[in-house]
Every structure is written in structure tokens, then in C-alpha cells.
Protein chains: 2
Amino acid sequence: MTAHILTIGDEILIGQIIDSNSAWMAEQLNLKGIQVTKIVSISDTAEAIREALDDAFAKTDLVLMTGGLGPTKDDITKKTLAEYYGAGMSFHEETFERLTKIFARWGRETTPAHREQCFMPDNAKILTNKTGTAPGMWFANGGKVAVSMPGVPYEMKYLMEHEVLPLIEATFPGKPITHRTILTIGEGESRIARRIQDVEENLPDYIKLAYLPNLGQVRLRLSATGNNLSELKKELDTQVALIEARIPEFIFGYGKDTIEKVVGQLLLENKKTIGTAESCTGGLVAHRITSIPGSSAYYEGSIVAYSFGLKKKLLNVAPEILKNHGAVSEETVKAMLDGLLANLGVDIGIAISGIAGPGGGTPEKPVGTIWIAVGDKNKMNTLKLQLGKSRSNTVKYTATKALDMVRQFVLEKA
Amino acid sequence: MTAHILTIGDEILIGQIIDSNSAWMAEQLNLKGIQVTKIVSISDTAEAIREALDDAFAKTDLVLMTGGLGPTKDDITKKTLAEYYGAGMSFHEETFERLTKIFARWGRETTPAHREQCFMPDNAKILTNKTGTAPGMWFANGGKVAVSMPGVPYEMKYLMEHEVLPLIEATFPGKPITHRTILTIGEGESRIARRIQDVEENLPDYIKLAYLPNLGQVRLRLSATGNNLSELKKELDTQVALIEARIPEFIFGYGKDTIEKVVGQLLLENKKTIGTAESCTGGLVAHRITSIPGSSAYYEGSIVAYSFGLKKKLLNVAPEILKNHGAVSEETVKAMLDGLLANLGVDIGIAISGIAGPGGGTPEKPVGTIWIAVGDKNKMNTLKLQLGKSRSNTVKYTATKALDMVRQFVLEKA
């Protein structure tokens, strides 16, 4: 079973908004065993809508549409859909009553434009939207279904969960599909591919493997399609275990985990607190740690010491270390870590110093030179990175690497 | 002039990632006067790619593709494109040399899989990617152009800015279009619209005004299309001046400025240094200040004090203030600011404390309650915000607001 998603309206085409609806809908459909084979964004003109529907129905039996249902005159989806099916439009009393009630709650009265909004295609099943004014519509014709929903994300989500997904399940009982995603860090796509080559070559033909790389991380996604969901899941477990055995040191999580979330869980489990002493990352590691709800249970605080002066004052880095080795050196990050552990009283610390660029590089220490120290009072691990010239990528990659060093440090000690 | 955008790969179709590339590309094309009429996401199968190209070229002369260019075998875009144009594939020495250099910098050697990645379609103009391993490709055939780029956002952006957009301008010279963007902060879309209503109503018909709102900021983009570029620019200057006169207090910059960049320039001009004392924003303000190259000239450092203990220890906040007023209070942020100014020796400081959620709210101080203090030894401005339940939006909005308070503080004093 496949489906297409159709997004109607100019906001996406001019780059004004990012289409987050489609990803959410695709994920929901996947969980029901329905594979989305195409996502299309078009303008809200009758011609574009008609063509997109013809294209979609040539390939699939299910089209989910969002957008183009508001009261303003550029929203012509509803009229176009009625015409597409050769259906008339009738005033839908129930929708008007609901709208009148909503407006009464806001202390307003309905206008003729609102009555206009309540004319509905005669062949549509009307899907009640309890989160907004425009209802959804379900069009079934010769085994093919088109669904129209408003583009406002929470309205679309309400209609999907309460109306559309149950109707889809009843109309198209389908072949299950299921996924497992392995999250890796610290190794590139092609080297991972080499390490798991035999697993990949021996995958059953109903399981697909995809590599999804992004700034020092690679996600490995296994997708299985078949008739028996529990057997698919068992086979995925087997394949995941084979991959795990090949690259155990690079795997930090599964599914929607993030490195900051995994590190947070590890710290919680091991009852350890953490703090950061950052120079070139300028607070990004702290920000990523605290982006996790509940991080106050293990996160104490951070010192961002950009200047020589603050490295001395807040982190007790001895002037002779800075003088002899420079701010970007193994000696300095170790001293920063010492100072952090002493001044913040945290169990584990991260210290980072580097040259993010574009200025500040020297022949000896070019832009992209980074030192990281991670450890506690008894043990420190250090790492030197030699990264590229993009300030923003260097800072992001360094933050990810530092968080992974914490993960490894906690695992070694546990 | 129109274009289609084609996104290749299963990540978007299964809802694993949100397609943010297309919105960015659409905006860039719009700025060049090219209207995106369709955005399509498809699977990385040869059939889907061929069909999508046929569909696109039936309607438009320009197709921009992203995704499907990595070294692993699920990436078949390149081969399919060669076949589509009936072209052979040859080893591209330059690309392999570049790849070998990148790997050498990482202390690694290339593998046979990497050599494989350097076979390129004979009819493609190779676009050098200085931010990653996979180059872009430009296919021109009978006045129609297809461009293939990697899906990693920063790689795509690099190629668009340095290779693709200049080539598009040279290949498809269009009617001049020019833009001016006014950046505002601190006022909503509809209230700004009311304040500049007469300017908007009297705009010449070749100038369009778009409102682009995003988390506390609204960009006003004026786009002028016509034959005489210098006249268009003069008319835009006139309209910008009219808008400036209506809402001077909300305008912080123009074009690609960011609030952190504008604040940095103001601090440099006024020879002031800055530091931050952050609780709920967890280092984001520091990270945004230091994301600006050269920020070390005015940025000293920051203290992120999540816990009560560190607020006392690093920022000298008196225990009775925390006890009597709570960590999220005007008194506490003022005390944090005092401590910051004393301990870091900076001229101007930002202190923030709040409840980002989802936990930690009380009936008196619900989730989303934030206090900000900005000032120096002589004067402090404070602000209370009551924001929503999204942790991530609350933190981002607060950081923006705090930076704007610095801008206003420096301007008041100057």
C-alpha cells in the first residue's frame, strides 16, 4: 500500500515556511504500513491541483492533501475538488453551527464569508475539526481516496489522529512495514559500510538499509516490508544485532535519540553531575545539554571563558601554561578541566579550547585546531581535532565530539 | 522563469527528517526572480528519478535536485542521471585528488568505495564542493538544466551560493528583480501591518511587500521587478524610508543582519565588553554572541548557573534573595547581573532566569515565566516574559529578546 502527500499553497513554494506537516504525516502512515512514495508541494490554482491529483491517482490509491482551506479567496481547493469529482456544493448546516459556536466563544458574529465557507462538496464525507474552523473532507471514488485537511499543523494532526487514520485503516487493511534506526558517531559512512559489508550483502530482500550521514554522525536505517509484522520485527532484531556486533564502539543510540539525550540518561543512571568549560564552542555544549527537559538533575552549570583573563580568573589556569603552550593546547584544556572540577564541584567536566576561525589561525595551529579534555578528578581523556574552515560546522562538530567523549568516559567507568 | 525542486531519498518520505533544504532553495531562487512552481520528494530509485525529471521538464527549464549522492550503494542518483542523458561515466581525477586531501587531513586513507564515488557522468559540469566529499553536477541539454547537489544542508548551501546561483544567473538572464529586507523585532505582524498600512496601500504595483514572521522577529521584504535596476533601487530606497519613519523603534537591521551581529557591531563601536549569566537559556545567548566571527574583541565570557548552588557561588546571589523571591524573579536576575559585572569585569551584562519547562511550573510562576536583566554598574533594565509551553521556542525567543535589550541599552547610552 502506497500514498502520496500533496501540500497546497504558496508559502512553501516561496520558502516562507518549512513543510513540517508532510514528515509528520509520512511517519504516521509508515507506522500503519503505508509507504509514502511521493510528497508534492504545489500552488493553490485549480490547474495545479487537478494535475497533481491525476498524477497521484495514476500511481496510488490514497492522496492526503493539506492546505488551501481557509476563508480567503486564494483558497480554492474545496471548489476544485468538487469540480474534479463532478459534484455539486451544498450548505453544510452542522459545520455552520459549529463555526457559529466557535465565534460566539470569541465574542464575535459570523459574516457572509463564513457562510460561504460552509458550502461543501456533495460527495465528501465531512470530517469534524474540533481544533479550528475548516473541516476535513474524505472523497472516495472507485477504490481511490483523496483526503483534504487544513494546513495548520495542530488542526491537521487532530484530524489525522481522530478521523483520517482510523478511516484509512478501515478502508485499506495493508501489508505491514517496520523500521529500526541505529545511530552512530565517530566514523564515516564508507568505513562503516566496509565494516558491515557482509551483513548488508546478506540482508533478506525484503529489508532495505539506508545510510543517513550528518556532521560526524551516521544513522543506519533498516526498513522491512512483509505480511507478518512480528516476524519482520524479529528479523530486524537479528540484523540489528549483527550490525551491533560489527561496530559496537560507534553506536550511541536508536531511533530518535540524540547524543545529548543519551549522555543525560547515562549521567542520571550513574548519578553523576556535569559542567562545561568552553572557549571556542562559546556555550553550545551547555546549550545542547540543557536542551533536554529534566537536565537540571545532572547539569550544574558552565563557564564560558573566551578571554585569557577569564581562563585565569574563573578556571584558575596558570599564566605560565597559557604563556608556554598557548590557549589552544592539551595543557590548557587539562588545566581548564582541573579548574572547572574544583570551582563547580561537578563529577565530570568537559573543557574545550580551539580556533573556530575565520581569524586567529597560525601555521602551527591553523583554523580548525581544537583540543578537548573530558574527565573527572582521577582521569582525563584528551583529543585533538583538526577541522575545516567553517566556523559554524567546527563548533557543532566539536560539541558533538565532546558529548561523545563524555558518553565513552561514563561507559568506561561504569 | 520557473523552476522545480526535487528531493531524492527515503528520509523525507518516511518522515525521518523534515525537508528544510527546499524552503531555503526556494527563497534563494525567488530572490533571483525565479518562481518555484513545484517541490517534489521521491525515493532514490532509477524509475522515480527518471519519471520526476520527465514530469519536471514538461513544465519548466530548471530542476534543482538534492540528495542521493553519498558513497554507499543506496545512492543511485548519479548513475541514473548519466543514463537519463545517455552519457557514460569517467573517473574524475580532480574529485579524487580533493577527496584524498580531505581524508589525509583526517589522517585516513581512501578506500575503493571512494574511488567509485569519483566516477562522474561525462556530460556533467562538475561543481567543486569545498564542504564535503560529493561534488555537485550541472547538466545542460537543449536549453534545459538539471542540477544535482548533496542533501547535507551546509553542503547544498555552499554549492548553491558559490556555484549554482551564479551559473543560473549566467544561463537564464531574467528581468531584473531586486529586494530590500527590513528586520524588525519586538512587535507582531498584524500590528506592524497596521502601522505601515498607508505605505503598503500606496506601493507602486511593481513592488511587492511580504511579511516573514519568526519567533519574535518579523522581516519585511520589498521586491521590485522591472527593466531599470537603478530606478528600482531608488524607488525601494524611498519606500524603505517611509516604512522606517513609521516603525523606527522596531527596526534593528537590514538584509542578512542578525540581532547578534548588530549587537556585536554596536559593542565594537562603543568599545564595550559583554558577558552573560544564564540559567534557563543554558548558554544559548553566549553561543549566539560567539557565533559571530571576531566576537572575542567584545565578548569576555559567561557563567551558566543552572543550580541554586552555582548562582550563589559564581554569581554571589545572596541565599535570602533566592529564598524570599525564588530563582525566577526580578530580584534574582538583578543580583545575577550584579555578580556577573563584579566577577567578570565586563562593561555590560545579561542575566536570565526562567522556567523553560516542561516541568518546574507553579500556579504563581507557570512554565514560560522568564526574567531578564540587562545593564551596567549604573543602570539595569528588567523585563518579564510570559511565554508558551515549548521549551525550545521559549529558550530561543528569550535569547533574541535579551540580545535586543542589549541593543536598546547601548543605543540609549550612546
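Which residue of S11(B) is the bridge partner of B:Ile207? In this predicted model, the partner is B:Ala224. The pair belongs to a longer run of bridges. Eight of them join S10(B) to strand S11 (residues 217–225) of chain B, and the two strands run antiparallel.

Four strands of chain B form an open sheet in the order S10-S11-S9-S12, with antiparallel pairing. Strand S10 (207–214) and strand S12 (251–254) stand at the edges. Each has a single partner strand, so one side of each is left without a neighbour in the sheet. From one strand to the next, the twist averages 20°. Strands of a sheet pair through backbone hydrogen bonds, either parallel or antiparallel.

Chain A gives the overall dimensions. Its secondary structure comprises 16 helices and 17 strands. The C-alpha trace spans about 85 × 60 × 40 Å along the principal axes of chain A. The radius of gyration of chain A is 28 Å, whereas a compact globule of 414 residues would have one near 22 Å. Of these 414 residues, 48% count as buried.

The domain assignment divides chain A into domain 1 (2–171), domain 2 (177–254) and domain 3 (260–413). The C-alpha centres of domain 2 and domain 3 of chain A lie 31 Å apart. Their contact takes seven residues from domain 2 and eight residues from domain 3. On the domain 2 side, three of the residues are nonpolar, four are polar and none is charged.

The two chains also meet. Their contact takes 62 residues from chain A and 62 residues from chain B. The chain A side has 29 nonpolar, 25 polar and eight charged residues. Strand pairing crosses between the chains. Strand S14 (residues 299–305) of chain A is joined by five bridges to strand S14 (residues 299–305) of chain B, and the two run antiparallel. Within this pairing, A:Ile303 stands opposite B:Ile303.

Chain B also contains a strand that is mostly covered. In strand S16 (residues 369–375), seven of its seven residues are buried. In a regular strand the side chains alternate between the two faces of the sheet. In S16(B), B:Thr369, B:Trp371, B:Ala373 and B:Gly375 point one way. B:Ile370, B:Ile372 and B:Val374 point the other way, and all of these residues are buried. S16(B) has pairing partners in S15(B) and S17(B). Strand S15 (residues 348–354) pairs with S16(B) in the antiparallel sense over six bridges. There, B:Gly354 stands opposite B:Ile370. Strand S17 (residues 380–386) pairs with S16(B) over seven bridges, also in the antiparallel sense. B:Gln386 in S17(B) is the bridge partner of B:Thr369. S16(B) and S17(B) form a hairpin, with four residues between them.

Helix H11 (residues 259–269) of chain B has buried residues too. They are B:Ile259, B:Glu260, B:Val262, B:Val263, B:Gly264 and B:Leu267. An α-helix has 3.6 residues a turn, so residues three or four places apart point the same way. The cover over the buried residues of H11(B) includes strand S9 (177–185), S12 and strand S13 (274–278). It also includes helix H12 (284–290) and helix H16 (391–413) of chain B. After H11(B) comes B:Lys271, whose phi is positive, near 50°.

Key:
Residues numbered from 1 in each chain as written. Chains lettered and ligands numbered in written order. Predicted model: local features only at pLDDT ≥ 70, side-chain atom pairs only at ≥ 80, totals over all residues. Rg over C-alpha atoms; globule rule 2.2 N^0.38 Å. Buried ≥ 20, exposed ≤ 12 C-beta atoms within 10 Å, placed from the backbone. Contact = placed C-beta atoms within 7 Å. Nonpolar A, V, L, I, M, F, W, Y, C, P; charged D, E, K, R; others polar. Pairing = 2+ DSSP bridges. Axes fitted to C-alpha atoms, helices over the stretch in contact; angles between N-to-C directions. Domains from an automatic or database assignment.
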